[in-house]
Amino acid sequence: MKLSIYRYDPDKDAKPYMKDYEVALDHADRMLLDAMVKAKAQDDSLSFRRSCREGVCGSDAMNINGKNGLACITKIADLPEHVTLRPLPGLPVIRDLVVDMTQFFKQYHSIKPYLINNDPPPERERLQSPEEREQLNGLYECILCACCSTACPSFWWNPDKFVGPAGLLQANRFLADSRDQATAERLDNLEDPYRLFRCHTIMNCVDVCPKNLNPTRAIGHIKDLMVKRSV
Amino acid sequence: MALTPLPVRKFDAIVVGAGGSGMRAALELARSNLKVAVLSKVFPTRSHTVAAQGGIAAPLANSGEDNWHWHMYDTVKGSDYLGDQDAIEYMCRRAVEVVVELEHMGMPFDRLESGKIYQRPFGGHTQAYGSAKMAMRACAVADRTGHAMLHTLYQQNVRSNTQFFVEWMALDLIRDPQDGAVVGVVALEMETGELSILQAKSVLLATGGAGRIYWATTNAFINTGDGLGMAARAGLPLEDMEFWQFHPTGVAGAGVLITEGVRGEGGYLLNKNGERFMERYAPNAKDLASRDVVSRAMTTEIKEGRGCGPDGDFLYLKLDHLGPEVINQRLPGIREIAIKFGNADPVRDPVPVVPTVHYQMGGIPTNYMGQVVAPEGAGKEAIVPGLYAAGECSCVSVHGANRLGTNSLLDLVVFGKASGEQMIKDMRLHPTPHRTLPKGAGEPTRERLARLDSANSGERVVDVLNDLRRTMQAHCGVFRFPEDLIKGVQKVEEIASRAKRIFIQDKSKTFNTARVEALELENLIETAMATIVSAEARKESRGAQARSDFPERDDKNWMKHTLWYKEGNRLDYKPVHLRPLSVETMEPKVRTY
């Protein structure tokens with residue numbers, strides 16, 4: 001298998017370049033990450049993040065043959081013989097495939113990603129019906145890998161002003177929670193020409209999400225709530 | 001030439017690690033007005049708590065009768081009577097409180113029709129002190145409980161403005177030579193490659209486990225025992241390191257975990273004859289016997305030629321009879337994993353599984369307040385001032401020789417919280433200014449890094465690491481054989497001496513992952529050495545330690561905790577705490593399920 005990988009080390013490289021690796025696979029190598037670990041065994045300076053290797057931690061998001069995804073759950077069998085790997089688009093590159101995610105997390109933090117309920121907590125759990133709990137499915141599973149936001153042209157254009165699909169998916173996760181009391185505050189926080197309304201339903205986010213989540217639909221729900229409260 | 005001193009930053013408290021226990025402690029500390037730093041070598045939600053699946057134990061009694069006494073009994077029995085009964089009582093008594101708190105924080109637990117938290121059965125958790133009836137004790141968020149818990153804890157820390165140092169790897173503890181008090185850590189900022197001293201009045205190690213010492217593991221790449229290495233290098237002992245849990249259901253060939261919750265929901269194991277073999281090994285609990293029992297049964301099936309597949313080297317986990325509705329609602333993550341890593345859609349096909357290293361019961365010795373304790377003078381458990389440990393890197397010991405499923409997430413939040421509380425209490429009780437840093441603080445760490453930076457030839461990190469992992473796999477597995485253990489100790493010693501000659505080609509300052517992996521290797525070696533030396537010395541079978549030459553538990557000689565020291569590769573022992581806090585001792589019995 002041939003991997004062409006984006007390389008850039010600010011300590012020594014004037015500019016980025018692509019470097020090719022020939023990787024001999026064996027039967028234990030199922031996922032792209034397995035091949036990358038072999039490439040790193042050839043050249044220990046190749047830098048990328050990885051941890052759980054099963055698609056739940058969100059570390060190894062990257063651009064794989066032009067499409068964002070997680071290396072650890074991208075099957076080698078589903079890839080062509082020659083694979084090109086680049087860092088997630090639109091974020092500053094620290095080194096090789098390692099990007100600076102500060103802006104991405106800043107947007108996530110900006111939506112107040114925590115339950116707000118000002119009632120004194122009861123002795124036991126707050127009650128929630130199975131139907132109410134089901135509203136959180138498709139939202140809470142986000143792993144903050146940034147595949148979606150860095151595939152979004154609106155986020156590329158205004159990463160400082162547009163919350164982006166990942167942050168908005170989480171905004172909806174708390175709006176949808178029957179235990180949360182901050183609906184008005186959350187909507188106020190998003191009522192802005194950029195923060196929410198820069199989403200033009202391009203749907204790249206849905207296309208790339210490795211957890212099969214649907215940020216566009218979540219954004220639609222938020223927009224519905226905005227409309228409902230204005231009439 | 002005199003080196004410039006390392007930059008120093010001062011905090012009241014430092015938490016090393018941002019998994020479940022580190023973030024639960026951080027939350028407690030954030031509620032004080034102390035200056036706190038949380039260091040993590042990965043972004044907090046990438047910590048391996050995220051991969052926990054099946055649930056968190058708490059006797060909420062939402063589906064049938066339950067109470068902390070029963071939970072305590074199961075945990076003591078599960079530990080094969082090596083767990084400290086004071087700590088176990090403490091954990092079980094605080095379980096309801098901490099789980100309810102998680103719910104209040106917003107953790108999206110699955111729900112019953114009553115609106116209460118959904119609970120499922122799990123291995124070794126029973127009603128009425130080990131009766132044949134399983135307790136519904138595992139509070140679950142589908143099969144993503146760890147993910148939901150870790151994200152909830154991170155969210156609450158965002159709310160509390162916790163100061164995170166993300167992608168900072170702690171490398172060593174700094175101790176005051178006067179009394180051994182811990183006064184800070186030396187840490188590497190990965191993005192810049194710079195070393196700093198983070199000075200503090202109290203330091204909590206919450207660095208997780210080290211399952212990467214084995215070839216086949218459910219653990220993430222990052223689980224390299226960094227806190228264990230730090231403690232060992234600082235002269236502290238590691239406790240009960242021979243006890244490693246093999247989870248019965250790792251996906252064969254891939255290692256990725258399939259939760260015990262599958263069997264909690266009604267799935268079961270089959271051998272090549274289609275036989276539900278667990279009925280022979282554990283007539284009452286069957287597939288929900290505790291993990292050491294199931295893993296031994298599976299290994300025996302494979303060894304006796306009843307394994308599945310062309311090489312007869314795995315078993316099948318059947319769950320299609322649960323129906324697509326239960327699978328999609330309660331086990332959606334498992335379905336995803338089985339399809340991706342096991343080439344089997346569990347709605348139709350059984351999943352190929354094999355016992356796989358999963359959890360380290362041992363660790364840095366602590367009491368149930370999270371204070372690190374070590375022998376000093378005549379006492380076996382003198383408090384190490386300023387140092388705390390919680391979660392998988394610690395040994396409280398609530399899991400003893402074998403952990404019950406869902407007790408690990410509980411351990412994280414109970415002892416994460418308890419450590420945070422104790423750190424605050426200790427600092428308030430003795431309000432003192434920062435101590436002066438000892439002369440040459442951080443220099444041994446700087447020398448380690450300088451050697452790595454200057455070496456241009458030697459052993460490759462990846463080769464030494466792979467040899468270590470293969471050695472542990474072959475010499476210290478589910479069943480342990482005396483010759484293998486003796487030879488294993490020699491091999492790990494050889495590997496450890498090779499590790500002194502490692503070199504890396506990457507000399508960059510910026511995000512140098514080769515350097516990080518080299519530093520992790522040193523921590524893995526300490527962990528592996530502690531494991532195999534302790535296992536070789538323990539001449540009995542108990543929990544996860546199953547020896548061919550000593551097949552029985554030996555309470556007379558071995559009802560004691562192992563303590564391993566790096567210096568001289570030396571062992572010591574200390575008694576098990578048999579007395580609980582308020583109830584009667586749970587006396588050792590023959591352990592059957």
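**Figure 1. K112(A) is placed in the loop that runs between helix 2 (102-110) and helix 3 (130-134) of chain A.** The model is predicted: local features need pLDDT of at least 70 and side-chain atom pairs count only at pLDDT 80 or more, whereas totals for chains, interfaces and linings use all residues. Residues are numbered from 1 along each chain as its sequence is written, chains are lettered from A and ligands numbered from 1 in the order in which they are written, and side-chain values use heavy atoms, with hydrogens and water left out. Helices (H or I, at least four residues) and strands (E, at least two) are DSSP runs numbered from the N terminus. K112(A) is not a glycine, yet its phi is positive, near 55°. The C-alpha atoms of chain A fill a box of roughly 60 × 35 × 30 Å along the principal axes.

**Figure 2. Y81(B) lies in the loop between helix 2 (68-78) and helix 3 of chain B.** Although Y81(B) is not a glycine, its phi is positive, at about 65°. Y81(B) is buried, because its relative accessible area is 2%.

**Figure 3. A cis peptide bond connects V396(B) to S397(B).** The omega angle of this bond is about 5°. S397(B) belongs to the loop between strand 20 (394-395) and helix 11 (407-429) of chain B.

**Figure 4. Chain B meets chain A through 69 residues of chain B and 63 residues of chain A.** Contact here means heavy atoms within 4.5 Å. About 5300 Å² is buried between the two chains, 49% of it from carbon and sulfur atoms; this buried area is the accessible area (1.4 Å probe) that two parts lose on being put together, summed over both. On the chain B side, R46(B), H104(B) and F221(B) lose the most area to chain A, together 14% of what that side buries.

**Figure 5. D506(B) and R95(A) form a salt bridge between the side chains of the two chains.** The N to O distance is 2.8 Å; a salt bridge is a side-chain nitrogen of Lys or Arg within 4 Å of a carboxyl oxygen of Asp or Glu. Seven salt bridges are found across the interface of chain B and chain A. There are also 43 residue pairs in polar contact between chain B and chain A, both residues at pLDDT 80 or more. A polar contact is a pair of N or O atoms within 3.5 Å; within protein, one must be able to donate a hydrogen and the other to accept it, and residues adjacent in sequence count only if both atoms are side-chain atoms. Helix 3 (85-105), helix 4 (145-159), helix 10 (332-342) and helix 15 of chain B each supply at least two residues of the side that touches chain A. Helix 4 of chain B gives the largest share of that side, seven residues.

**Figure 6. Helix 15 (residues 513-537) of chain B has 25 residues.** These should span 36 Å at 1.5 Å a residue, and the end C-alpha atoms are 36 Å apart, which agrees; the expected span is 1.5 Å times one less than the number of residues. Helix 15 of chain B is mostly covered, with 23 of its 25 residues buried. At its start, a side-chain oxygen of N512(B) comes within 3.1 Å of the backbone nitrogen of A514(B).

**Figure 7. A salt bridge joins the side chains of D179(B) and R435(B), at 2.9 Å from N to O.** The partners stand 256 residues apart and link distant parts of the chain: D179(B) is in the loop between strand 8 (168-175) and strand 9 (182-189) of chain B, and R435(B) in the loop between helix 11 and helix 12 (443-454) of chain B. D179(B) is partly exposed, at 35% relative accessible area. R435(B) is partly exposed as well, at 35%.

**Figure 8. R446(B) and E443(B) form a salt bridge, their closest N and O atoms being 2.9 Å apart.** Both residues lie in helix 12 of chain B, three residues apart, about one turn of the helix. An α-helix has 3.6 residues a turn, so residues three or four places apart point the same way. R446(B) counts as buried at 16% relative accessibility, while E443(B) is partly exposed at 22%.

Key: Buried < 20%, exposed > 50% of the residue type's maximum accessible area, 1.4 Å probe, protein only.
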